[in-house]
Amino acid sequence: MRGIRAAGEAKETSVLTLLMVIGFGAATSVVVGLGQRLRLPWPALMVLIGIAGAFIPSFAEIRIDPELILPLFLPPLLFAAAQKTSWALFAIRWRTILGMAVALVGVTVAAAAGTAMALIPGITLAAAVALGAMLAPPDPVAVDAVAGTVPLPRRILSTLQSEGLFNDAASLVIFQTAMAAALAGSEVDFGQLLVAFVLSALVAITVGFVVVALVWFVMARIDHIVARSSLMLVLPFGVYLIAEHLHASGVIAVVVAALEIRRRDVEDNSADRVTQASTWQVLEMLITGIAFGLIGLELRQVVEAERSGLGASVLIGLAIAAVVIAVRLLWLVVGAAIVRRRGDADAAPHSMRDAILMTWGGMRGLATIALALSIPATTASGAPFPGRSEILVAAAVILLVTLVLAGLTFPAVVRALDIDDETEAEEKEVAQIALRAYRAALKELGDEDLPEEVVDPIRRRLRVLHAQLVGLTDDEASSELATSLRTHRDQMRRVQRRVLQTARGEVLQARRERGTDPEAADKVLRRFDLQSVLLR
């Protein structure tokens, strides 16, 4: 009877968990529209819905295994975010990546750990370092989703994205090393920590390259668009789990895989890109909504579990949060001075306003809540984990401050700082890439020995497409084109396919070059892809 009762309870829990996931997924669709109307970032609203959901008695009993949170949510969201950038951009931003995703993480861990040692009675150095590691990394998914609600300059957004793609790797290695020491009751070996990080990164990079090479080999032999797209959906999970199994950084492996997939992209993959882009947009939105709803759900559970001495723990959490934010602001102010001295107008930050905005954009998310929930109640000796209550509340406080408060006020901060969104410059770059592709296509067309009645309509179609890409209209040319295309249709289609292929190849080449904004190139590439798919 006891076994039957346990099985029934397990089934009920599974059903409730499924209902929670479906509920958060449905709520995401509604909240995205609500966020657009209210001009508020919808991920922050999903956190509030998750907190409200925790007051439903049935949902309050749901417990997600912390070990599953990162493997389930982080790989697809990281993969989607990393595909918006390129190796060329990383080659330019390597100083920023090392400075913010590695050095700033280390400084933040040290500052948070020092504050925790001073404020939390009985906490050990190892436990304090573990706390600092879980609070240090801003979440690239949160930044990307929240920043999408306001017009931000690409140089600021891409810098925040570049930082967010790699800082989880440094934080996870520090956290794992510190936790091992805290559970064993020993001290943190910082030399071992550095070696572990370097080895973890090297193995992860290797895994990323090797897995992508194998996947690319397989995809070349699959003549089915949906099947290839399905393989791409599985890729980030596979890369992450393989790297973690080898005790390497799953985060770095996923980012490397995403960058390498985009580097290998070829002009003939139009249908694949259109299919995958639509699939990833839907998947990314749903996973992001469910993940942030889960953060809200877990936040209340963390606070509920630590009711005794909650007021004092919240004050400690606020103090640690203030230190973490101050360290980030100071680091970015110094960084702005360095950028100005170098005279790099395309880098960020290069002003005090940039530094303030990027500080407010340092939102914590999945990694922080997952690492906080993974802290056990006792050490290996059976003694209570030192400072566990204060650590959990501190994690909850910094999530509320940097994610909910910062997320809801982010649009107001952007308006108050009066930062130019630099739309004109970004549109100019799109126009330059479009013009480059247009000229390459015309050159390809000019190399063909074709009658003028075939060439002229195709030339006009390219002119119309170019006008649309740079934000102009050419209705008259479009109308003439519709009539002229009916003649010599088959021959025109063959030539158009070849011409559009040349244009796509030129855009992909531009995307791989230093100094090109990958998102600007992707906007142009998508228009050519859509034209090619429609032509088929």
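Visitor: Where is Met117 found?
Guide: In this predicted model, Met117 sits in helix H6, which covers residues 94-119.

Visitor: What does Met117 touch, if I skip its close neighbours in sequence?
Guide: Once the residues within four places in sequence are left aside, Met117 is in contact with Ile123, Thr124, Leu125 and Ala128.

Visitor: How far is Met117 from Val129, going by C-alpha atoms?
Guide: Their C-alpha atoms are separated by 9.3 Å, and the two residues are 12 places apart along the chain.

Visitor: What about Gly114, where is that one?
Guide: Gly114 is also a residue of helix H6, and at 40% relative accessibility it counts as partly exposed. The C-alpha atom of Gly114 is 8.5 Å from that of Leu125, a residue 11 positions away along the chain.

Visitor: How do H7 and H9 run relative to each other?
Guide: The axes of H7 (residues 125-135) and H9 (residues 154-184) come within 8 Å and cross at roughly 160 degrees. Angles over 145 degrees count as roughly antiparallel, and H7 and H9 are therefore roughly antiparallel to each other. The crossing of H7 with H9 is left-handed.

Visitor: What about H15 and H17, at what angle do they cross?
Guide: H15 (residues 352-360) and H17 (residues 388-417) cross at roughly 165 degrees, with axes that come within 10 Å, so these helices are roughly antiparallel to each other. Their crossing is left-handed.

Visitor: Which residues meet there?
Guide: From H15 there are Arg353, Ile356, Leu357 and Trp360, and they meet Leu405, Ala406, Thr409, Phe410, Val413, Val414 and Leu417 in H17. By class, the contact has 9 nonpolar residues, 1 polar residue and 1 charged residue.

Visitor: Now H10 and H12, how do those pack?
Guide: Helix H10 (residues 190-219) packs against H12 at an angle of about 40 degrees, and their axes are 8 Å apart. H10 and H12 are therefore oblique to each other, and H10 passes H12 in a right-handed crossing. The H10 residues that make the contact include Ala201, Phe209 and Trp216, while those of H12 include Ile252, Glu260 and Arg264. Counted by class, the contact of H10 with H12 has 13 nonpolar, 1 polar and 2 charged residues.

Visitor: Which residue's backbone oxygen does the side chain of Arg228 reach?
Guide: The side chain of Arg228 reaches the backbone oxygen of Ile222, at 2.5 Å. Arg228 lies in helix H11 and is buried, with a relative accessible area of 13%. Not counting residues up to four places away in sequence, Arg228 touches Met219, Ile222, Asp223, Asp272 and Gln276.

Visitor: Is Thr288 buried or exposed?
Guide: Thr288 counts as buried, because its relative accessibility is 3%. It is found in helix H13, residues 270-305, and it touches Trp42, Leu77, Val141 and Ala145, again not counting residues up to four places away in sequence.

Visitor: Last one, what does the whole protein look like in numbers?
Guide: The protein has 22 helices and 0 strands, and buried residues make up 52% of its 536 residues. Among contacts between residues at least 6 apart in sequence, 83% join residues at least 24 apart.

Definitions and conventions: Residues numbered from 1 in each chain as written. Predicted model: local features only at pLDDT ≥ 70, side-chain atom pairs only at ≥ 80, totals over all residues. Heavy atoms only, no water. Axes fitted to C-alpha atoms, helices over the stretch in contact; angles between N-to-C directions. Helix = DSSP H or I, 4+ residues; strand = E, 2+ residues; numbered from the N terminus. Parallel < 35°, antiparallel > 145°, perpendicular 65-115°, else oblique. Left-handed = near helix turned anticlockwise from the far one by under 90°. Contact = heavy atoms within 4.5 Å. Nonpolar A, V, L, I, M, F, W, Y, C, P; charged D, E, K, R; others polar. Buried < 20%, exposed > 50% of the residue type's maximum accessible area, 1.4 Å probe, protein only. Polar contact = N/O pair within 3.5 Å; in protein donor to acceptor, adjacent residues only side chain to side chain.
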